[in-house]
Amino acid sequence: MAESLSVSGTTKKEKYESLLPQIKALIEGETDFIANLSNIMSALKFGMDFFWVGVYHVKENELVLGPFQGPVACTRIGLGKGVCGTAWKEKKTIIVEDVDQFPGHIACSSLSKSEIVIPAFDKKGNVILILDVDSKHLATFDETDKFYLEQVMTIISKCAN
Ligand code: SME
(Lines give C-alpha, C1' and ligand atoms only; values in the text may rest on other atoms or scores of the structure.)
Protein backbone atom coordinates (compact mmCIF):
# COMPACT_ATOMS: atom_id res chain seq x y z
CA MET A 1 0.00 0.00 0.00
CA ALA A 2 1.48 3.32 -1.05
CA GLU A 3 2.05 5.99 1.55
CA SER A 4 1.19 9.57 0.73
CA LEU A 5 3.20 11.22 -2.02
CA SER A 6 6.04 13.59 -1.35
CA VAL A 7 6.90 15.73 -4.36
CA SER A 8 10.12 17.70 -4.09
CA GLY A 9 11.56 20.45 -6.28
CA THR A 10 10.66 23.97 -7.16
CA THR A 11 10.62 23.89 -10.95
CA LYS A 12 7.97 22.06 -12.93
CA LYS A 13 10.66 19.74 -14.34
CA GLU A 14 11.92 18.88 -10.85
CA LYS A 15 8.40 18.16 -9.65
CA TYR A 16 7.68 15.81 -12.57
CA GLU A 17 11.07 14.10 -12.06
CA SER A 18 10.16 13.53 -8.42
CA LEU A 19 6.60 12.43 -9.19
CA LEU A 20 7.16 9.97 -12.05
CA PRO A 21 8.95 7.24 -10.04
CA GLN A 22 6.29 7.59 -7.37
CA ILE A 23 3.56 7.06 -9.96
CA LYS A 24 5.34 3.90 -11.16
CA ALA A 25 5.65 2.66 -7.56
CA LEU A 26 2.01 3.50 -6.84
CA ILE A 27 0.66 1.10 -9.46
CA GLU A 28 3.25 -1.65 -9.04
CA GLY A 29 1.62 -4.96 -8.17
CA GLU A 30 -1.92 -3.74 -8.87
CA THR A 31 -3.58 -5.03 -12.03
CA ASP A 32 -6.93 -3.24 -11.87
CA PHE A 33 -6.90 -0.50 -14.49
CA ILE A 34 -9.52 1.75 -12.90
CA ALA A 35 -7.81 1.52 -9.50
CA ASN A 36 -4.49 2.47 -11.08
CA LEU A 37 -6.00 5.32 -13.10
CA SER A 38 -7.70 6.66 -9.97
CA ASN A 39 -4.46 6.76 -8.03
CA ILE A 40 -2.55 8.28 -10.94
CA MET A 41 -5.15 11.09 -11.22
CA SER A 42 -4.81 11.79 -7.50
CA ALA A 43 -1.00 11.75 -7.72
CA LEU A 44 -1.10 14.25 -10.60
CA LYS A 45 -3.69 16.50 -8.95
CA PHE A 46 -1.92 16.75 -5.61
CA GLY A 47 1.66 16.31 -6.86
CA MET A 48 1.41 19.02 -9.52
CA ASP A 49 -1.38 21.09 -7.97
CA PHE A 50 -3.56 20.88 -11.09
CA PHE A 51 -7.05 22.44 -11.06
CA TRP A 52 -8.65 19.49 -12.89
CA VAL A 53 -7.11 16.27 -14.13
CA GLY A 54 -8.89 13.24 -15.50
CA VAL A 55 -9.30 10.71 -18.25
CA TYR A 56 -11.90 10.03 -20.89
CA HIS A 57 -12.15 6.44 -22.21
CA VAL A 58 -12.82 5.75 -25.88
CA LYS A 59 -16.09 3.82 -25.90
CA GLU A 60 -17.48 3.09 -29.37
CA ASN A 61 -17.87 6.51 -30.99
CA GLU A 62 -17.55 8.69 -27.89
CA LEU A 63 -15.21 9.66 -25.09
CA VAL A 64 -16.71 8.78 -21.72
CA LEU A 65 -15.55 10.30 -18.43
CA GLY A 66 -13.33 8.10 -16.26
CA PRO A 67 -11.39 8.66 -13.02
CA PHE A 68 -10.69 12.33 -12.36
CA GLN A 69 -9.87 14.83 -9.62
CA GLY A 70 -11.54 18.22 -9.53
CA PRO A 71 -14.97 19.73 -10.14
CA VAL A 72 -17.68 17.68 -11.88
CA ALA A 73 -17.22 17.47 -15.65
CA CYS A 74 -19.13 16.65 -18.81
CA THR A 75 -19.50 12.90 -19.23
CA ARG A 76 -19.47 12.37 -23.00
CA ILE A 77 -17.51 14.02 -25.83
CA GLY A 78 -17.83 13.16 -29.53
CA LEU A 79 -14.99 12.51 -32.00
CA GLY A 80 -13.57 15.85 -33.14
CA LYS A 81 -15.49 17.81 -30.48
CA GLY A 82 -13.73 20.14 -28.06
CA VAL A 83 -10.04 19.82 -27.25
CA CYS A 84 -10.41 16.21 -26.10
CA GLY A 85 -12.30 15.04 -29.18
CA THR A 86 -9.79 16.84 -31.41
CA ALA A 87 -6.79 15.20 -29.68
CA TRP A 88 -8.55 11.83 -30.14
CA LYS A 89 -9.26 12.49 -33.84
CA GLU A 90 -5.78 13.86 -34.59
CA LYS A 91 -4.04 11.29 -32.32
CA LYS A 92 -1.77 13.90 -30.82
CA THR A 93 -1.15 16.05 -27.76
CA ILE A 94 -2.82 19.47 -27.87
CA ILE A 95 -1.74 22.43 -25.73
CA VAL A 96 -4.28 25.27 -25.47
CA GLU A 97 -2.94 28.51 -24.01
CA ASP A 98 -6.34 30.21 -23.96
CA VAL A 99 -9.45 28.04 -24.12
CA ASP A 100 -11.53 30.95 -25.42
CA GLN A 101 -9.39 30.94 -28.56
CA PHE A 102 -9.93 27.22 -29.29
CA PRO A 103 -12.87 26.77 -31.69
CA GLY A 104 -15.46 24.43 -30.16
CA HIS A 105 -13.81 24.26 -26.74
CA ILE A 106 -16.13 22.53 -24.26
CA ALA A 107 -16.28 24.50 -21.01
CA CYS A 108 -16.89 22.04 -18.18
CA SER A 109 -15.88 24.76 -15.73
CA SER A 110 -15.87 28.48 -16.43
CA LEU A 111 -12.77 28.64 -14.23
CA SER A 112 -10.64 26.70 -16.75
CA LYS A 113 -8.44 29.04 -18.77
CA SER A 114 -5.85 26.74 -20.38
CA GLU A 115 -5.42 23.02 -20.87
CA ILE A 116 -3.35 20.16 -22.21
CA VAL A 117 -4.81 16.97 -23.65
CA ILE A 118 -2.74 13.83 -24.28
CA PRO A 119 -3.88 10.58 -25.93
CA ALA A 120 -2.82 7.05 -24.87
CA PHE A 121 -2.55 4.34 -27.49
CA ASP A 122 -2.92 0.56 -27.69
CA LYS A 123 -0.36 -1.63 -29.43
CA LYS A 124 -2.09 -1.08 -32.78
CA GLY A 125 -1.86 2.70 -32.43
CA ASN A 126 -5.56 3.22 -31.65
CA VAL A 127 -6.40 5.86 -29.04
CA ILE A 128 -7.74 4.11 -25.94
CA LEU A 129 -8.10 7.10 -23.66
CA ILE A 130 -7.43 10.80 -23.31
CA LEU A 131 -5.84 12.63 -20.39
CA ASP A 132 -7.13 16.16 -19.86
CA VAL A 133 -5.47 18.65 -17.50
CA ASP A 134 -7.04 22.07 -16.88
CA SER A 135 -5.64 25.22 -15.28
CA LYS A 136 -7.31 28.28 -13.80
CA HIS A 137 -4.57 30.39 -15.43
CA LEU A 138 -3.76 31.22 -19.05
CA ALA A 139 -0.83 29.52 -20.81
CA THR A 140 0.01 27.13 -17.96
CA PHE A 141 1.15 24.18 -20.06
CA ASP A 142 4.22 23.88 -22.28
CA GLU A 143 6.63 21.36 -23.79
CA THR A 144 7.78 20.29 -20.30
CA ASP A 145 4.23 19.19 -19.42
CA LYS A 146 3.92 17.49 -22.81
CA PHE A 147 7.20 15.60 -22.28
CA TYR A 148 6.35 14.30 -18.82
CA LEU A 149 2.61 13.75 -19.27
CA GLU A 150 3.30 11.72 -22.42
CA GLN A 151 5.51 9.52 -20.21
CA VAL A 152 2.60 9.16 -17.79
CA MET A 153 0.44 8.10 -20.74
CA THR A 154 3.02 5.47 -21.72
CA ILE A 155 2.79 4.10 -18.17
CA ILE A 156 -1.02 4.12 -18.42
CA SER A 157 -0.96 2.38 -21.83
CA LYS A 158 1.21 -0.40 -20.40
CA CYS A 159 -1.20 -1.12 -17.55
CA ALA A 160 -4.37 -0.90 -19.66
CA ASN A 161 -6.41 -4.11 -19.66
N1 SME B 1 -12.40 21.27 -22.11
C2 SME B 1 -12.52 19.94 -22.64
C3 SME B 1 -13.69 19.21 -22.01
C4 SME B 1 -13.34 18.43 -20.80
S5 SME B 1 -13.30 19.35 -19.40
O6 SME B 1 -12.38 20.49 -19.55
C7 SME B 1 -12.91 18.46 -18.09
C8 SME B 1 -12.66 19.96 -24.14
O9 SME B 1 -12.82 21.03 -24.74
O10 SME B 1 -12.64 18.90 -24.74
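Colleague: Is Glu 60 buried or exposed?
Modeller: Glu 60 counts as exposed, at 79% relative accessibility. The cut-offs are under 20% relative accessible area for buried, over 50% for exposed and partly exposed in between, with a 1.4 Å probe and protein chains only.

Colleague: Before I go on, what am I looking at?
Modeller: It's a predicted model, where local features need pLDDT of at least 70 and side-chain atom pairs count only at pLDDT 80 or more, while totals for chains, interfaces and linings use all residues. Residues are numbered from 1 along each chain as its sequence is written, and side-chain values use heavy atoms, leaving out hydrogens and water.

Colleague: OK, back to Glu 60. Where is Glu 60 found?
Modeller: In the loop between β1 and β2. Helices (H or I, at least four residues) and strands (E, at least two) are DSSP runs, numbered from the N terminus. Phi of Glu 60 is near 55 degrees, which is positive in a residue other than glycine.

Colleague: Which strand does β2 pair with over three bridges?
Modeller: That's β3 (residues 76-78), antiparallel again. Leu 63 stands opposite Ile 77 in β3. The β2 and β3 hairpin has six residues between its strands, and Gly 70 in the turn has a positive phi of about 135 degrees.

Colleague: What about Asp 49, where does that go?
Modeller: Asp 49 is in the loop between α2 and β1. Its phi is positive too, near 60 degrees. Asp 49 is exposed, with a relative accessible area of 67%.

Colleague: Now the ligand. Which residues come nearest?
Modeller: Cys 84, Ile 106, Cys 108, Glu 115 and Asp 134, out of 13 residues around the ligand; "around" means a heavy atom within 4 Å.

Colleague: What's the distance from Glu 115 to a ligand nitrogen?
Modeller: A polar side-chain atom of Glu 115 lies 2.9 Å from a nitrogen atom of the ligand. An N or O atom in the side chain of His 105 is 3.3 Å from a ligand nitrogen atom. A polar backbone atom of Val 83 is 2.9 Å from an oxygen atom of the ligand. The protein covers 99% of the 310 Å² of accessible area that the ligand has on its own, by the Shrake-Rupley method with a 1.4 Å probe.

Colleague: Last one: what does the side chain of Ser 112 join?
Modeller: Ser 112 makes a 3.0 Å polar contact with Asp 134, side chain to side chain. That's a pair of N or O atoms within 3.5 Å; within protein one must be able to donate a hydrogen and the other to accept it, and residues adjacent in sequence count only if both atoms are side-chain atoms. Ser 112 is in the loop between β4 (94-96) and β5 (114-121), and it is buried at 5% relative accessible area.

Methods
Two strands pair if DSSP finds at least two bridges between them.
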